[in-house]
Amino acid sequence: MRENEEFEVVFPAAADLDKWATKISELIAEAAQEKNSGLAQRTPEHIRKKINEGKAVVALRKKDKTLAGFCYIDTWQNDTFIVNSGLIVHPDCRGKGIATLMKHELFVYARKNYPNAKIFGLTTSFAVKKINVRLGYKEVPYSELTTDDGFWKGCESCVHFETLVKNNRLECKCAGMIYDPENPRRSFPNEETIMFIDSDNY
Ligand SMILES: CC(C)(COP(=O)(O)OP(=O)(O)OC[C@H]1O[C@@H](n2cnc3c(N)ncnc32)[C@H](O)[C@@H]1OP(=O)(O)O)[C@@H](O)C(=O)NCCC(=O)NCCS
């Protein structure tokens with residue numbers, strides 16, 4: 001478990017944390033209304049499924065164990081591509097390092113368990129781009145991301161989905177970013193990420 005002064009990050013999230021599924025779905029829906037966001041909706045059922053599959057990370061406030069953030073991991077093309085999806089931090093808890101903690105947790109898991117996989121994401125968020133760059137991701141054309149239809153189906157509920165289709169899945173509002181283990185922007189661990197590594201586990 002990773003933590004900072006106020007928050008703890010649980011991965012894999014325990015099954016009873018699925019009680020937050022509806023709240024998480026609502027937070028994502030609210031964030032999707034914000035101008036310039038490129039967020040796909042995630043239903044409570046989908047969120048519950050990811051928690052119960054052991055693929056989700058949940059951040060909690062230490063003082064009362066209430067929800068602070070959420071994200072999950074998916075694998076595509078026979079585990080050769082890994083993505084973080086559904087990333088959300090409660091509006092009251094933003095700017096306190098929670099997304100950083102959650103994404104590092106999932107990144108270490110992915111590198112350890114799928115060392116040859118490319119780790120990628122789509123985002124319009126400056127904060128997420130910053131986290132990704134520190135981990136060693138590069139911005140790439142969509143043609144370098146997975147071609148798995150299952151992944152792109154996840155974009156259907158985004159307000160920009162028509163743009164994605166019109167551009168034959170080669171361009172949209174989000175930046176495509178990838179950590180390619182054979183050609184990372186910087187190696188991992190590095191001086192900014194080393195504090196997240198438990199050397200016994202990586
Ligand atoms: C994007 C989001 C997940 C970031 O979560 P967070 O916990 O606030 O992020 P962190 O605190 O870990 O911030 C990471 C870095 O980005 C910076 N940052 C955070 N929010 C920022 C903002 N709105 N503008 C500029 N920089 C920002 C932080 O200062 C930090 O940099 P630092 O380490 O140099 O101080 C959160 O704002 C959110 O839930 N937004 C709505 C949903 C969304 O956009 N999800 C992303 C989908 S890909």
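Tutor: Two residues are in contact if their C-beta atoms, placed from the backbone, lie within 7 Å. Please keep in mind that the model we are looking at is predicted.

Student: Which residues is Ile24 in contact with, leaving aside its neighbours within four places in sequence?

Tutor: With those neighbours left out, Ile24 is in contact with Ile47, Leu67, Phe70 and Ile88, so by the definition the C-beta atom of each of these four lies within 7 Å of that of Ile24. In the largest nonpolar core, which has 53 residues, Ile24 is also one of those that touch the most other members, together with Val57, Val58, Ala59, Ile98, Met102 and Leu106. Helix α3, residues 98-113, gives the most to this core, with eight residues.

Student: Why is Asn168 called exposed?

Tutor: Asn168 has 9 other C-beta atoms within 10 Å, and a residue counts as exposed if that number is 12 or fewer, so Asn168 is exposed. Asn168 is found in the loop between α6 (161-166) and β8 (175-179).

Student: And why is Arg169 called partly exposed?

Tutor: Arg169, which lies in the loop between α6 and β8, has 16 other C-beta atoms within 10 Å; being exposed requires 12 or fewer and being buried requires 20 or more, so Arg169 falls in between and is partly exposed.

Student: What makes the phi of Asn168 worth noting?

Tutor: Most residues other than glycine have a negative phi. Asn168 is not a glycine, yet its phi is positive, about 50°, and Arg169, also not a glycine, has a positive phi of about 65°.

Definitions and conventions: Residues are numbered from 1 along each chain as its sequence is written. This is a predicted model: local features need pLDDT of at least 70, side-chain atom pairs count only at pLDDT 80 or more; totals for chains, interfaces and linings use all residues. A nonpolar core is a set of buried Ala, Val, Leu, Ile, Met, Phe, Trp, Tyr and Cys residues joined through C-beta atoms within 7 Å. Helices (H or I, at least four residues) and strands (E, at least two) are DSSP runs, numbered from the N terminus.
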